[in-house]
Amino acid sequence: MNRTAPGRRRPFRMLIVDDSNIMRRRIERSQQLDELEVVGSASNGVEALELFRKTDPDLVTMDLTMPQMDGIECIEQLVRLKPDVRILVISALADKATAVDAMEKGANGFLHKPFTDRQLNEAIAELIGEC
Amino acid sequence: MLQEQELKTFVEGTTNYFEVAAQQPASVGSPYLVTEGLPAVHEYTGVITVSGRREGVVYFTAPKAMLTVLLMKMQENDFSHENMRDLVGEVANTISGNARRDFGNEFVISVPNVLTGERSDPPLVAGARSFVIPINWRSHSAKLVVSLK
């Protein structure tokens, strides 16, 4: 069941972007926060852009290393389409320069793989709190 | 050439992966140098090609039985061939990506290329020294192979 945040008419709409099917399902399963509605999942940046236009999500979880279009390029394009979208990068790339680059391009948070369910839920909750 | 400290990065990455993703620590052995060719692989192998400041491959190779238990620990109930391929690639990607904490962003990693079958040959990079990091988890054995110039 979806529960909306106080003063909000609809649940937060989330798009999941990751080239791993297992990871996309993991993120979907771990959304214990019932303020969320998963509106789609994409396996690369090109698919993500298409789904983003169709579903108009409030939040996006974004992998970085993906075929066809990587996460950094996708973030730039998503922010152009919707400047107030909240983006949580979920990536194994653990160097500081990549995190800084992603944030400068428009990401709002960064969660490193591997992660626990608790870390994932906290990262998403933080983003929702900022919406 | 690969230095001892650099290998430690991969050992720590592997240890961390099993602790966090599988919620059960693995016994990660001391790396050893392969003197000829590349070591034999298990049924599923996730290969990451490295470019940039370093050149070579990093691959994680594991038997189906180990991947099945890993999937169970991740609350997955799909044990298809495709999911095994997905998982072995994701493990290789995660450990290689985590290595950028020490190697920096000029350690450029590819998306995973997955090989199946114990007769498959991961790419061998001429002039690279190959180290095997043995991994024992529950009753299963796997390997992380780091072959970098």
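Visitor: In which hand does α3(A) pass α4(A)?
Guide: This is a predicted model. In it, α3 of chain A covers residues 71-81 and α4 of chain A covers residues 96-105. The hand of the crossing of α3(A) with α4(A) is right-handed.

Visitor: Are α3(A) and α4(A) roughly parallel or roughly perpendicular to each other?
Guide: Their axes lie 9 Å apart and the packing angle is about 20°. Angles under 35 degrees count as roughly parallel. The two helices, α3(A) and α4(A), are therefore roughly parallel.

Visitor: How many nonpolar, polar and charged residues does the contact of α3(A) with α4(A) have?
Guide: From α3(A) come A:I72, A:I75, A:E76 and A:V79. From α4(A) come A:D101, A:A102 and A:K105. By class, that contact has no polar residues, three charged and four nonpolar.

Visitor: What pattern does chain A follow along the sequence?
Guide: Chain A has five helices and five strands. Read along the sequence, they give β-α-β-α-β-α-β-α-β-α.

Visitor: Which helix supplies the largest share of the side of chain B that touches chain A?
Guide: The interface joins 21 residues of chain B to 21 residues of chain A. On chain B, α1 (4-21), α3 (81-98) and α4 (100-103) each give at least two residues to that side. The largest share is eight residues, and the helix is α3(B).

Visitor: How far apart are the end C-alpha atoms of α3(B), and what should its 18 residues span?
Guide: The rule is 1.5 Å a residue. The count of steps is one less than the number of residues.

Visitor: How many of the residues of α3(B) are buried?
Guide: A residue is buried if 20 or more other C-beta atoms lie within 10 Å of its own. By that test α3(B) is mostly covered. The number buried is 14 of 18.

Visitor: Are α1(A) and α3(B) roughly parallel or roughly perpendicular to each other?
Guide: Helix α1 of chain A, residues 21-29, packs on α3(B) with axes 8 Å apart, at about 85°. Angles of 65 to 115 degrees count as roughly perpendicular. The answer for α1(A) and α3(B) is therefore roughly perpendicular.

Conventions
Residues are numbered from 1 along each chain as its sequence is written. Chains are lettered from A and ligands numbered from 1 in the order in which they are written. This is a predicted model: local features need pLDDT of at least 70, side-chain atom pairs count only at pLDDT 80 or more; totals for chains, interfaces and linings use all residues. Two residues are in contact if their C-beta atoms, placed from the backbone, lie within 7 Å. Helices (H or I, at least four residues) and strands (E, at least two) are DSSP runs, numbered from the N terminus. Axes are lines fitted to C-alpha atoms, for helices over the stretch in contact, and angles run from 0 to 180 degrees between N-to-C directions. Angles under 35 degrees count as roughly parallel, over 145 as roughly antiparallel, 65 to 115 as roughly perpendicular and the rest as oblique. A crossing is left-handed if the near helix is turned anticlockwise from the far one by less than a right angle, and right-handed if clockwise. Ala, Val, Leu, Ile, Met, Phe, Trp, Tyr, Cys and Pro count as nonpolar, Asp, Glu, Lys and Arg as charged, and the others, Gly among them, as polar. A residue is buried if 20 or more other C-beta atoms lie within 10 Å of its own, exposed if 12 or fewer, and partly exposed in between; C-beta atoms are placed from the backbone.
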